[in-house]
Amino acid sequence: MAVSDRNDLLSIIEDDEEEIEIPETLPLLPVRDVVIFTDMVLPLYIGREKSIKAVEEAMAKDRFLVLATQKEPGIESPEPDQIYSIGTVGRILRILKLPDGSIKALVQGVAKARVLKYVRKKASFKVKIETVDDEILDKVSIEAEALMRNVRENSERMLSLSGDMPQDGAMLLEGIDSPGRLADIVASTPFFKLKIDESQLLLETTNPEERLRKVNDFLTREVELSSMQAKIQSEVRDEISKSQKDYFLREQMRAINRELGDFDEKQHEIEDYTKKIKKAKMSKEADKESTRQLRRLEQMHPDSAEASVIRTYLDWLVELPWSKSSKDLIDVQKAKKVLDKEHYGLKKIKDRILEYLSVRKLNPKMKGPILCFAGPPGVGKTSLGQAIARALGRKFVRISLGGIHDEAEIRGHRRTYIGALPGRILQGLKQAGTNNPVFMMDEIDKLGADFRGDPSSALLEALDPEQNVDFSDHYLNLSFDLSKVMFILTANITDTIPSALLDRMEIINLSGYTLEEKVVIAKKYLIPRQIKENGLKAKQITLSDNALNQVITEYTSEAGLRNLEREIGSLCRKTARKIAEKKKGPFAIKKNNLHKYLGVPQFLPEMDKEENQIGLATGLAWTHVGGEALYVEATLLHGKGELIMTGQLGDVMQESIRAAATFVKANLKDYGLDENILENIDVHIHVPAGAIPKDGPSAGIAIVTALVSAVTKIPVKSEVAMTGEITLRGRVLPIGGLKEKALGALRAGITTVLIPEKNEKDLAEIPKSLKKKLNFVKVANGDEVLAITLEQDPKKQAAKKKKAAPKKAAAKATKKKPAAKKPATKKPASKK
């Protein structure tokens, strides 16, 4: 490692008359944070192994080595292409070995050199070089003389501004009459803080006048910067002196007022607000406004109505966390443990939070993310937000947006209204006491809108990372920075969220839990919590695995866990009553006595699937509470060829039924049926649970299956469920919500699920435990669907009938023909 100590005094050694012979091949020492010029003497601290070997090699020969600067100072082991090709041949004047194995070397720049070739790269760098000489000037031009004079004057100004002006500094500069040497000496001085690329540019410039011109430009810029810095420091000193004077006079005034007995409550209130405003460390704009309002309050009568309004306004300003932030716990492993401890599964969400923490560790100034957890009720969206806050070490704030119709709930009211207050966002920040809490907004999908405004439009500014730096609340009428807040929103469905608002959020779906996941969560979290809340002890009640499985499958039917926790709570309450009635325990709840606690089972998923039936197919539907089985019934009756649809179906689902009916009619011949068979027959399609509205195209293949089953009288397999949109040509199109539908199929006792072929990619998100219990079959068209869902493939059955028809006809014709009479034959006479 080679680093320059720029605080050491650099010496300038005059050139000797004698010429120095420089070898063509020399060791190379990469240096960082400094460009070494000729005639420059400075100490270098060398710690890298390659660099130490290069110095030792130089000391073993003629003490010469090439000093070349790295392009990127942070690289520990630079490659040849990461080192500038033009450097300086240096001579080692003295070295000192330090106790830690590093070396301190004093080197002097001798001549510029260009690296032609790297002879050795492994142990240490060794290069072939050629010296680079400056262009020879016949005489110093008038322009060069002017530049030299300007550089000397600016150098003296820089030295005087920095306060490091040596006594002989000006004389040293006056004694240099070479433009190139003056440029090198000024560029190498400590006060001249050039960037590495600027210093390298000077080193590579071989024309002395051109190099001096560039030094003059850089020096002029530095003089202006230093002058401005000195001016700012002077103003600050003057301001401090004025503040000290004002403070001394105010203290004298207070002392006089106390002696005279004139110290009143109003003055005390003004002083109190002054201290609070100073302590709040507001933005410049807010500080100016608060000071203005304080001056207005000072001039008002304390009991006036306007004074009360100003006091409330000032109270809000001083209590908001303008600059108060909680320190993030940037420990990814610890955060992972906290999330795993409080929530089971949910790998995708946990990974997203840990990614945020990792980026935050690398870039502390990053803006807070805006996440939206979308999923059925009871899957743990709100509790997950609280766990995230604990993992980050931040405060947690929660507001519910369900049913909000007034825009002022978000942006606040104007101060002209009686009882005006800031919006819910700033109220939450005041409650948290920091400007970077985890801010949860529940039920974002249930926002309303009426004549009082649209709250979702007001949220656009708060939830846009590019705009919320200057979030404006109507009450404050000032900008407040929300960029440090981590917003987390929750929704059951995303369809009702306006597209502009949805575009600003990162959607993370929580589909629900499998039976195995519910069992683990119940044992780890729900049962211990309910035992504690109902005043029981763990040894007083036990719930067997079979009983727990029965509670999940037969007493609840949900994607989340709320009803499961209610049922567990019911078990605990009934046990608590027995203990209160002084009955002896412990109480063991098993599968054979579970009904005594919870009554008869509420859900029997296999009830409708006991046997294969004609015209009854099982589809899969996605709802805001998770996936569910959707039964489709088809019946034929004499009529006029009409299509009857019942079950409170939406427009999209009705169109799907029409498309399915058209597909079936177009293929009747392939099923071995007359093409006009449905002309005098009405087709009735019904989807049970008629009180519940239904819509969507994903039941298309279930409708086709029910129709074909009704027409061909072939039963549908009861253990098969399906989802997919059907087209007029029989293609099966992809659908959404596959994971939710798969969970719904499992709850309904289904073993085989038909999915569109193009949904194969979504199988990666299905848990392995779910894949073991469900057989997912990919289908591309209606014929493949019917071949799997019906007991017999209708097309194959029709083909068999068609093939057997000629044989039956021939057999029938043979039966109708009379038998041919055989000619009479004489029996030979028997011999007696």
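Residues are numbered from 1 along each chain as its sequence is written. Because the model is predicted, local features need pLDDT of at least 70 and side-chain atom pairs count only at pLDDT 80 or more, while totals for chains, interfaces and linings use all residues.

Let us begin with the sheet. Five strands form an open sheet in the order β10-β11-β14-β9-β15, and their pairing is parallel. Strands here are DSSP runs of E with at least two residues, helices are runs of H or I with at least four, and both are numbered from the N terminus. Two strands pair if DSSP finds at least two bridges between them. At the edges stand β10 (396-400) and β15 (506-509), each with a single partner strand, so one side of each has no neighbour in the sheet. From one strand to the next, the twist averages 20°. Angles run from 0 to 180 degrees between N-to-C directions, and axes are lines fitted to C-alpha atoms, for helices over the stretch in contact.

Look now at β9 (residues 370-374) and β14 (residues 486-491), which are parallel and joined by five bridges. One of the bridge partners is A491 in β14, which pairs with A374. Helix α12 (residues 381-392) packs on this sheet and touches β9, β10, β11 (438-442) and β14. Contact means heavy atoms within 4.5 Å. The direction of α12 makes about 175° with that of β11.

T646 stands opposite H686 in β21. Together with helix α21 (residues 651-666), β20 and β21 make a left-handed β-α-β unit. For such a crossover, right-handed is the name used if, with the strands pointing away from the viewer, the path from the first strand over the helix to the second runs clockwise.

Where does α21 lead us next? The axes of α21 and α22 come within 9 Å and cross at roughly 45°. The two helices are therefore oblique to each other. Angles under 35 degrees count as roughly parallel, over 145 as roughly antiparallel, 65 to 115 as roughly perpendicular and the rest as oblique. The contact is made by S656, I657, A660, A661, F663 and V664 of α21 and G700, I703, V704, L707 and V708 of α22.

Finally, α22 (residues 700-712) also packs with α25 (residues 782-789), at an angle of about 60° and with axes 10 Å apart. That makes α22 oblique to α25.

Notes. Heavy atoms only, no water.
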